[in-house]
Amino acid sequence: MFLTLSTSILPILPQSYPQKLQFIFRQQIQPWHPSSTLCHEAAAAVLRLAPEKFWEYSKTLFEHQKEFFDVNVVKETRNETYRRLAKLAGEIGVEEGKMYELLEVGDKPGEDGGLNVGNGVTDDLKVMVKVNRLMGVHVTPTVLFNGVVENSISSSFTGQQWQEWLDKNIK
């Protein structure tokens, strides 16, 4: 859905629906795909370091998503996956070293002795999860229109179907 929206729909929104539609993309972690959490953390790191690159990085992640599916990450450490995610960000102009610094999980307890120390975007991720829970979002993709879950839109929607739906519902 992201690739369809980013290539077919988002470019025409300003001309087709001037000041009538605001598009908000919220990340939704799928805990049954553990490596998706790492990808969402990487996107959050891009938001911190180079927010203007977020859409481009999201598109890059979707284009490379199979590289981060379970069978392709199972034999590497979490930090090794973060290195690959930071490298992808480096390819679009985000500073790779700073990105990895935000993502890396250390091997020392926190100042308070805690062992689940997280990384530089853990708190960002917590906010994303809380917001989605409050909105009633539990699966992906979930589309909301005027703040209400719109179940008629599916992940297989084509650009044409999106256009028809928007023409019908945007007044």
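# Briefing on a predicted helical and stranded protein model

The mean positions of the 18 positive and 21 negative charges of the protein lie 5 Å apart. This is a predicted model, and its secondary structure comes to 9 helices and 2 strands. Followed along the sequence, these elements give the pattern α-α-α-α-α-α-α-α-β-β-α.

**Overall dimensions, burial and contacts**

- Taken along the principal axes, the box filled by the C-alpha atoms of the protein is roughly 55 × 35 × 30 Å.
- The protein has 171 residues, and buried residues make up 35% of them.
- The accessible surface comes to about 10800 Å², and carbon and sulfur atoms hold 53% of this surface.

**Aromatic pairs and the aromatic cluster**

- A search of the whole structure finds 9 aromatic pairs, and one of them joins Phe-25 and Phe-54, whose ring centres are 5.9 Å apart and whose planes meet at 45°, so this pair is tilted.
- Phe-25 lies in the loop between helix H2 (13-16) and helix H3 (34-49), whereas Phe-54 belongs to helix H4 (residues 54-63), so the pair ties together parts of the protein that are 29 residues apart in sequence.
- Trp-55 is partly exposed, with a relative accessible area of 36%.
- Phe-25, Phe-54 and Trp-55 belong to one aromatic cluster, which is formed together with Phe-2, Phe-23 and Phe-62.

**A charge over a ring**

- The ring of Tyr-100 has the charged end of Arg-83 sitting over it, at 3.9 Å from the ring centre.

- Val-46 has its place in helix H3 and is buried, with a relative accessible area of 0%.
- Leaving aside neighbours within four places in sequence, Val-46 is in contact with Pro-51, Lys-53, Phe-54, Tyr-57, Ala-89, Val-94 and Met-99, and the Phe-54 in this list is the residue that pairs with the ring of Phe-25.
- Val-46 and Thr-60 are 14 residues apart along the chain, and their C-alpha atoms are separated by 12 Å.
- Ala-44 also lies in helix H3, and Ala-44 is buried as well, with a relative accessible area of 1%.
- When neighbours within four places in sequence are left aside, Ala-44 is in contact with Gln-27, Val-121, Asp-124 and Met-128.
- The C-alpha atoms of Ala-44 and Thr-122 are separated by 9.1 Å, although these two residues are 78 residues apart along the chain.

- Asn-72 is placed in helix H5 (residues 70-73) and is partly exposed, with a relative accessible area of 42%.
- Apart from neighbours within four places in sequence, the residues in contact with Asn-72 are Lys-66, Glu-67 and Arg-84.
- Between Asn-72 and Ile-92, which are 20 residues apart along the chain, the C-alpha atoms are separated by 22 Å.

**Positive phi angles in loops**

- Gln-19 is not a glycine, yet Gln-19 has a positive phi of about 55°.
- The place of Gln-19 is in the loop between H2 and H3, and Gln-19 is exposed there, with a relative accessible area of 85%.
- Asn-146, also a residue other than glycine, has a positive phi near 55°.
- Asn-146 lies in the loop between strand S1 (144-145) and strand S2 (148-149), and at 70% relative accessibility Asn-146 counts as exposed.

Technical notes: Residues numbered from 1 in each chain as written. Predicted model: local features only at pLDDT ≥ 70, side-chain atom pairs only at ≥ 80, totals over all residues. Heavy atoms only, no water. Phe/Tyr/Trp six-rings, centres within 6.5 Å; stacked < 30°, edge-to-face > 60°. Helix = DSSP H or I, 4+ residues; strand = E, 2+ residues; numbered from the N terminus. Buried < 20%, exposed > 50% of the residue type's maximum accessible area, 1.4 Å probe, protein only. Lys NZ or Arg CZ within 6 Å of the ring centre and 35° of its normal. Contact = heavy atoms within 4.5 Å. Areas by Shrake-Rupley, 256 points an atom, 1.4 Å probe, with all protein chains shown as cover. Lys, Arg positive; Asp, Glu negative; His and termini not counted. Charge placed at Lys NZ, Arg CZ, Asp CG, Glu CD.
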